[in-house]
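Okay, thanks for having me, everyone. Let me put the structure up and then walk you through a few spots.

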Amino acid sequence: MGNTVTRDDFEWVYTEQPHCSRRKMILAKHPEIKSLMGPDPQLKWVVTAMVLTQLLCCFLVKDLSWKWLFFWAYAFGGCINHSLTLAIHDISHNVPFGNKDALRNRLFGIFANLPIGVPYSISFKKYHVDHHRYLGGHGLDVDVPTTLEARLFSSPARKILWIILQPFFYALRPLVVNPKPLSRLEVLNAAVQLAFDAVIVWLWGPKPLVYLVAGSILCMGLHPISGHFIAEHYMYLTGIETYSYYGPLNYITFNVGYHMEHHDFPSIPGSRLPQVKKMAPEFYDNLPQHDSWTRVLWDFVFCDSLGPYSRVKRNFPLAKEE
């Protein structure tokens, strides 16, 4: 089914990641952007409403047939859960309560994690710091696929399978690429999540829990929203390692599509990223950008020049030797 990808290695570069220098240039010309930095208290109310919506759905799906349960998990519940993972992304940047109250942010992340069904929030925070600091860093940025992934998933059929399995690769890749000690907050995250799952099963049986977990897995796999995983940093043009998307799916994904803006200014909440583009249009309007996450997935699968190897990589002094 189709040809294999033509790349046989990552795009190795010997320059620093571009966003630090871009940040300095943009702030030098537009210091008013600093006014956008700081917490966004509205996020906690939006997230709370989403968690409560999923709790209501748990009650509503308890007597559904399995066919309709999986339908609604993919079409509705999974969309909310995927959106919650992106809320957790904002929470990892201390958006709800600000940088001075890190613990409350971590605890709120555990709360936002509940409908996802598996513990995720604290571990995501631990590794996401490295993604910003060491973008594309060999042995440091676990967002970059492993060489084994790139070699195995090289044909259209295999790339489709790789997209479907994305949730598992994102969960397991850090343990291989950059293992870190388990923290107390991760243990707390797991304990709270397991207790929540047990209560759900005790109250309404196994179907609501299947609805939650299946929705998380399905909508982080082959689903239009999951196009952002590939759109953000996969190299659709040689040497360009970060791309933005300005389409309507930003409304349900906390503006994660504004990804160039986010990496330029990770301390600005997702809700204010569109204002960054408006304040400094000369730094964004002419950059390559995606106009459809569905098209991103299609091109990734069927274009011979695209695959898991289509990532910029660089060595940092802290990277571990293989």
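So, which helix gives the largest share of the nonpolar patch? That's helix H3, residues 66-92, with three residues. Helices here are DSSP runs of H or I with at least four residues, strands are E runs of at least two, and both are numbered from the N terminus.

Quick housekeeping: this is a predicted model, where local features need pLDDT of at least 70, side-chain atom pairs count only at pLDDT 80 or more, and totals for chains, interfaces and linings use all residues. Residues are numbered from 1 along each chain as its sequence is written, and side-chain values use heavy atoms, with hydrogens and water left out.

Back to the patch. Trp66, Phe70, Tyr74 and Leu218 make it, and it covers about 360 Å² of surface. To be in a patch, a residue needs over 30% relative accessible area and no salt bridge; nonpolar side chains (Val, Leu, Ile, Met, Phe, Trp, Tyr) are joined within 5 Å, and like charges within 9 Å. The areas are Shrake-Rupley with a 1.4 Å probe, and for residues only the protein chains shown count as cover. Tyr74 sits in helix H3, and it counts as partly exposed because its relative accessibility is 32%. Buried means under 20%, exposed over 50%, and partly exposed is in between.

Now, salt bridges. Side chains of opposite charge can pair when their charged atoms come close. The rule is a side-chain nitrogen of Lys or Arg within 4 Å of a carboxyl oxygen of Asp or Glu, and by that rule we get twelve.

Take Asp143 and Arg311, paired at 3.0 Å, N to O. They're 168 residues apart, with Asp143 in the loop between H5 (121-133) and H6 (147-152), and Arg311 in the loop between H14 (293-302) and strand E4 (312-313). Asp143 and Arg311 are both buried.

Then there's Arg314 with Glu241, where the closest N and O atoms are 2.8 Å apart. That one also links distant parts of the chain, 73 residues apart. Arg314 is buried because its relative accessible area is 2%, and Glu241 counts as buried at 9%.

For a local pair, look at Arg295 and Asp299, at 2.8 Å, N to O. Both lie in helix H14, four residues apart, about one turn of the helix. Asp299 is partly exposed, at 22%.

Last stop, helix H4. Its buried residues include Phe108, Gly109 and Ile110. H3 and H5 are among the elements covering them, with contact meaning heavy atoms within 4.5 Å.

Notes:
Buried < 20%, exposed > 50% of the residue type's maximum accessible area, 1.4 Å probe, protein only.
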